[in-house]
Amino acid sequence: MQTKVALAPDVDIDRAVAVVAKAVTKALPADEGARDVQVGLHDFAYGGLVLGVRFWVGSSRYYDLRYRINGAVLSACAPLASH
């Protein structure tokens, strides 16, 4: 699975990667490949940065976990914007 999140251009990207990786790993069930979480600077966008998040999930739980992970990423990134 892959998801992306847009961030402000002045965010501390190393901190953002660490915070998001931790949130995704915590939100994934242990049997869903949490060890394979990849987070990094995916792209540069007009007005900001795009953080990419990749991890493996079984197809039978794709949407359940996608929505859970997206919520965890959103929650993890909220404090990054208020510095």
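**Reading a β-α-β-β-α model**

Guide: Buried residues, those under 20% relative accessible area, make up 40% of the 83 residues in the protein chain. Exposed means over 50%, and partly exposed lies in between (1.4 Å probe, protein chains only). This is a predicted model, so local features need pLDDT of at least 70, side-chain atom pairs count only at pLDDT 80 or more, and totals for chains, interfaces and linings use all residues. Residues are numbered from 1 along each chain as its sequence is written, and side-chain values use heavy atoms, with hydrogens and water left out.

Visitor: How many helices and strands does the protein chain have?

Guide: Start with the rule. Helices (H or I, at least four residues) and strands (E, at least two) are DSSP runs, numbered from the N terminus. Here the protein chain has two helices and three strands. Along the sequence they follow the pattern β-α-β-β-α.

Visitor: What radius of gyration would a compact globule of 83 residues have, and what does the protein chain have?

Guide: The radius is taken over C-alpha atoms, and the globule rule is 2.2 Å times the number of residues to the power 0.38. For 83 residues that gives a value near 12 Å; the protein chain has 12 Å, which agrees. Its C-alpha trace spans about 35 × 20 × 20 Å along the principal axes.

Visitor: What share of the accessible surface belongs to carbon and sulfur atoms?

Guide: Accessible areas come from the Shrake-Rupley method with a 1.4 Å probe; for residues, only the protein chains shown count as cover. The protein chain has about 5,200 Å² of accessible surface, and 55% of that belongs to carbon and sulfur atoms.

Visitor: Which strands pair with β3?

Guide: Two strands pair if DSSP finds at least two bridges between them. Strand β1 (residues 2–7) pairs with β3 in the antiparallel sense, over six bridges.

Visitor: Which residue takes a positive phi in the hairpin of β2 and β3?

Guide: Look at Gly47. Its phi is positive, near 85°. The hairpin has two residues between the strands.

Visitor: Why is β3 described as largely enclosed by the rest of the structure?

Guide: Count its buried residues. Six of the seven residues of β3 are buried, so the strand is largely enclosed by the rest of the structure. Take Leu51, in strand β3 (residues 48–54). Leu51 counts as buried because its relative accessibility is 0%.

Visitor: What is Leu51 in contact with, beyond its neighbours within four places in sequence?

Guide: Contact means heavy atoms within 4.5 Å. The partners of Leu51 include Val5 and Leu7, then Ile13, Ala16, Val17 and Val20, then Val39 and Leu41. Ala6 is 45 residues from Leu51 along the chain, yet their C-alpha atoms are separated by 6.3 Å. For the protein chain, take contacts between residues at least 6 apart in sequence: 68% of them join residues at least 24 apart.

Visitor: How many aromatic pairs does a search of the whole structure find?

Guide: Rings of Phe, Tyr and Trp (its six-membered ring) pair if their centres lie within 6.5 Å. Planes under 30 degrees apart count as stacked, over 60 as edge-to-face and the rest as tilted. The search finds two pairs. Tyr62 and Tyr63 are edge-to-face, 4.8 Å centre to centre with 85° between the planes. Tyr63 and Tyr67 have centres 5.9 Å apart and planes at 40°, so that pair is tilted. These pairs link Tyr62, Tyr63 and Tyr67 into a cluster.

Visitor: Are these tyrosines buried or exposed, and where do Tyr63 and Tyr67 lie?

Guide: Tyr62 is partly exposed, at 26% relative accessibility. Both Tyr63 and Tyr67 are exposed, with Tyr63 at 52%. Tyr63 and Tyr67 lie in helix α2 (residues 62–81), four residues apart, about one turn of the helix.

Visitor: Which residues are linked in a network of salt bridges?

Guide: Side chains of opposite charge can pair when their charged atoms come close. A salt bridge is a side-chain nitrogen of Lys or Arg within 4 Å of a carboxyl oxygen of Asp or Glu. The whole structure holds two. Arg61 bridges to Asp64, with the closest N and O atoms 3.3 Å apart. Asp64 bridges to Arg68, where the closest N and O atoms are 3.8 Å apart. The network is therefore Arg61, Asp64 and Arg68. Asp64 and Arg68 are separated by about one helical turn, because they are four residues apart in helix α2.

Visitor: How exposed are Arg61, Asp64 and Arg68?

Guide: Arg61 is partly exposed at 27%. Asp64 is partly exposed at 43%. Arg68 is partly exposed at 36%.
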